[in-house]
Amino acid sequence: MTLQIPASLLPTDGRFGSGPSKVRPSQVDALVTAGEAGRPVLGTSHRQAPVKDVVRRVREGLASLFDLPDGYEVVLGNGGSTAFWEVATASLVRDRAQHAVFGEFGGKFAAATARAPFLTDPEIVEAPAGGVAYLAPSDAVDVYATPHNETSTGAMAPVRRPAGDALVLTDATSGAGALPVDLRETDVYYFGPQKVFGADGGLWLALCSPAALERAAEVERSGGGRWVPEFLSLTTALENSRKDQTLNTPAVATLVMLADQVEWINAQGGLAWSAQRCATSAQVLYGWAEAREWATPFVAEPAERSTVVGTIDLDARIDASAVVGHLRAHGIVDVFPYRKLGRNQLRVGMFPAVEPDDVAALTACVDHVVEQIA
Ligand SMILES: Cc1ncc(COP(=O)(O)O)c(C=O)c1O
């Protein structure tokens, strides 16, 4: 017999993915109306005013959302956060980086600098999945790198600058726009548009301090024989960004959806509003899990539990993949755990587009499914 979740329990929108994440209808409407005088901007040149105007809206909107400190600049390029790891490896690390690794994504950036033949092997500070590794002051490194929010495990770390003058690079791919941050605590705060900003992937955005931009200029000009491919050059990306364009052709639809979302968040009350909304959703999710004897927040330390990507372990008696399957059959999608984590777990994206009431509805649906299958 197929399990039925009563319609009265279902959320208004069933998209709880950790990226790509829920896109709001008005972002989709913007795809049709974003051009001059409401004319379409899709299918038009990225070197002309209408698309450059969308890039300008993104850059100005982000500057406002993050209260950009003096001298910081919004830089963007193609290839997503994965490409930005290579940009940072090529353009920002002078000799050696320290990486905080507490999940897949922190580990991937560490692997990128370890592979670079012109760099000394990185220092790694590591914590097991479910915890947070904190950057440790070191005289031996010129870059510190840490995730803000480790999407693979649902652990978040505060953005804090260790003493000294090494650059701090913060991977905010899944946290930017929903976690509180003071940008003076970091030199590069980089992210993609497919999480909090509800757009598609394929772009990277980096809020860069003057020190970071100076470092890129220094590394790229140094006569030390380092070849920085144009595509990985932060100074080239900066020159293009200042002209409201990217080095090569961007996905125009992503830019339009991103601009709409940044302006929506700003209009609702900015970062404080967004952070509070996600914290409310997170309270619902973790509170629910703590009240069930068969569910446990995966991240043990409450302060390290992400308010944007919640991970909930289920008791071994309950097959999480069966729960995920029943939910999907009812239009509640993408609550599976990170594929390489290998846990009996639900992972819930609670980005600002997601209604906190829908998170509550999701938990009611999980209760219903578990009652039926346990
Ligand atoms: C924390 C974090 N860093 C980096 C990435 C990689 O981003 P992209 O797919 O844009 O390369 C992701 C993707 O999920 C992520 O969550």
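Biologist: Let's start inside: is Val141 buried or exposed?

Modeller: Val141 has 24 C-beta neighbours inside 10 Å. A residue is buried if 20 or more other C-beta atoms lie within 10 Å of its own, exposed if 12 or fewer and partly exposed in between, with C-beta atoms placed from the backbone. With its 24 neighbours, Val141 therefore counts as buried.

Biologist: Thanks! What kind of model is this?

Modeller: Residues are numbered from 1 along each chain as its sequence is written. Local features need pLDDT of at least 70, side-chain atom pairs count only at pLDDT 80 or more, and totals for chains, interfaces and linings use all residues, for this is a model that is predicted.

Biologist: Which residues is Val141 in contact with, leaving aside its neighbours within four places in sequence?

Modeller: Val141 sits in the loop between strand 3 (123–126) and strand 4 (143–147); helices (H or I, at least four residues) and strands (E, at least two) are DSSP runs numbered from the N terminus. Two residues are in contact if their C-beta atoms, placed from the backbone, lie within 7 Å. Beyond those sequence neighbours, the contacts of Val141 are Arg96, Ala97, Gln98, Glu123 and Ala166.

Biologist: Now the ligand: which helix gives the most to the shell around it?

Modeller: Around the ligand are Gly19, Gly80, Ser81, Thr82, Phe105, Pro147, Thr151, Asp171, Thr173, Ser174, Gly192 and Gly201; a residue is near a molecule if its C-beta atom, placed from the backbone, lies within 6 Å of it. By class the shell has two nonpolar, nine polar and one charged, where Ala, Val, Leu, Ile, Met, Phe, Trp, Tyr, Cys and Pro count as nonpolar, Asp, Glu, Lys and Arg as charged, and the others, Gly among them, as polar. With three residues, the top contributor is helix 3.

Biologist: At what angle do helix 3 and helix 4 pack?

Modeller: Helix 3 brings Trp85, Glu86 and Thr89 to this contact, and helix 4 (104–115) brings Lys108, Phe109, Ala112 and Thr113. Axes are lines fitted to C-alpha atoms, for helices over the stretch in contact, and angles run from 0 to 180 degrees between N-to-C directions. The two axes are 9 Å apart, at an angle of about 40°.

Biologist: Which residues of helix 6 are buried?

Modeller: Helix 6 covers residues 234–242. Its buried residues have a cover that includes helix 2 (49–65), strand 1 (73–78), helix 3 and helix 5 (210–221). They are Leu234, Thr236, Ala237, Leu238 and Ser241.

Biologist: Finally, what is the radius of gyration of the protein chain?

Modeller: The chain comes to 10 helices and 12 strands. The radius of gyration is taken over C-alpha atoms, and the globule rule is 2.2 Å times the number of residues to the power 0.38. For 374 residues that rule gives 21 Å, and the chain is close to it, so it is as compact as a globular protein of that length, with a radius of gyration of 21 Å.
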